[in-house]
Amino acid sequence: MKTQAAVVVETGKPIEIQELTLDKPREGEVLIQYTHAGLCHSDVHIAHGDLEARLPMVLGHEGAGIIQEVGPGVTRVKVGDHVVCSFIPNCGSCRYCANGQQSICDMGATILEGYLPGERFPITGPLGDYGAMCMLGTFSQYGVIHQNSCVKVDDDLPLEKAVLVGCGVPTGWGLR
Ligand SMILES: [Zn+2]
Ligand SMILES: [Zn+2]
């Protein structure tokens with residue numbers, strides 16, 4: 001399917017809106033429709049080149065939305081679930097997750113490369129493979145992300161407020 005997204009092609013240049021192609025979700029992955037996203041200074045750092053990332057990259061790491069499709073083996077969420085995205089995934093089984101330190105989960109090692117586990121790039125476009133910031137890329141209409149990046153929230157929780165818990169609130173409060 002197609003999605004419009006805000007992309008950093010080259011640092012120091014304006015962010016570009018591009019039409020990109022999204023692959024279907026594979027093992028452990030989900031298709032999400034992003035309903036809300038927040039702009040954080042880390043996005044600006046990547047655009048300016050202060051924070052080095054693999055390019056091209058779809059920006060955005062604070063996001064919330066609704067699950068549209070799930071790949072094989074997905075157990076954490078189902079179609080129709082409202083979710084807030086976590087800018088660092090949590091696998092639940094690495095030594096850090098097992099210690100209650102999900103904020104430094106091993107899966108988060110590639111958040112600035114922007115691919116999913118197995119160097120998998122579900123987003124492609126005119127410049128080839130596109131990474132997604134923090135394995136999310138929330139400045140896009142849709143995304144294919146890992147289930148370990150999703151936190152299900154109650155349906156009656158307003159997503160325009162819940163989205164702020166995706167980065168701003170924990171960053172300000174302090175990750176432990
Ligand atoms: Zn942030
Ligand atoms: Zn982990």
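Q: What makes strand 7 and strand 8 a hairpin?
A: In this predicted model, strand 7 and strand 8 form a hairpin with 2 residues between them. The two strands pair in the antiparallel sense, over 3 bridges. One pairing is that of I123 with Y130 in strand 8.

Q: How do you know that strand 4 and strand 8 count as paired?
A: Pairing needs at least two bridges. Strand 4 (residues 57-58) and strand 8 (residues 128-132) are joined by 2 bridges, so they pair. They run parallel. M57 has G131 as its bridge partner in strand 8.

Q: What makes strand 1 and strand 2 a pair?
A: The cut-off is at least two bridges. Strand 1 (residues 2-8) and strand 2 (residues 16-22) have 6, so they pair, in the antiparallel sense. A6 has its bridge partner, I17, in strand 2.

Q: How many helices and strands does the chain have?
A: The chain has 4 helices and 10 strands.

Q: Why is the chain called as compact as a globular protein of its length?
A: Its radius of gyration is 15 Å. The globule rule gives 16 Å for 176 residues. The two values are close, so the chain is as compact as a globular protein of that length.

Notes. Residues are numbered from 1 along each chain as its sequence is written. Chains are lettered from A and ligands numbered from 1 in the order in which they are written. This is a predicted model: local features need pLDDT of at least 70, side-chain atom pairs count only at pLDDT 80 or more; totals for chains, interfaces and linings use all residues. The radius of gyration is taken over C-alpha atoms; the globule rule is 2.2 Å times the number of residues to the power 0.38.
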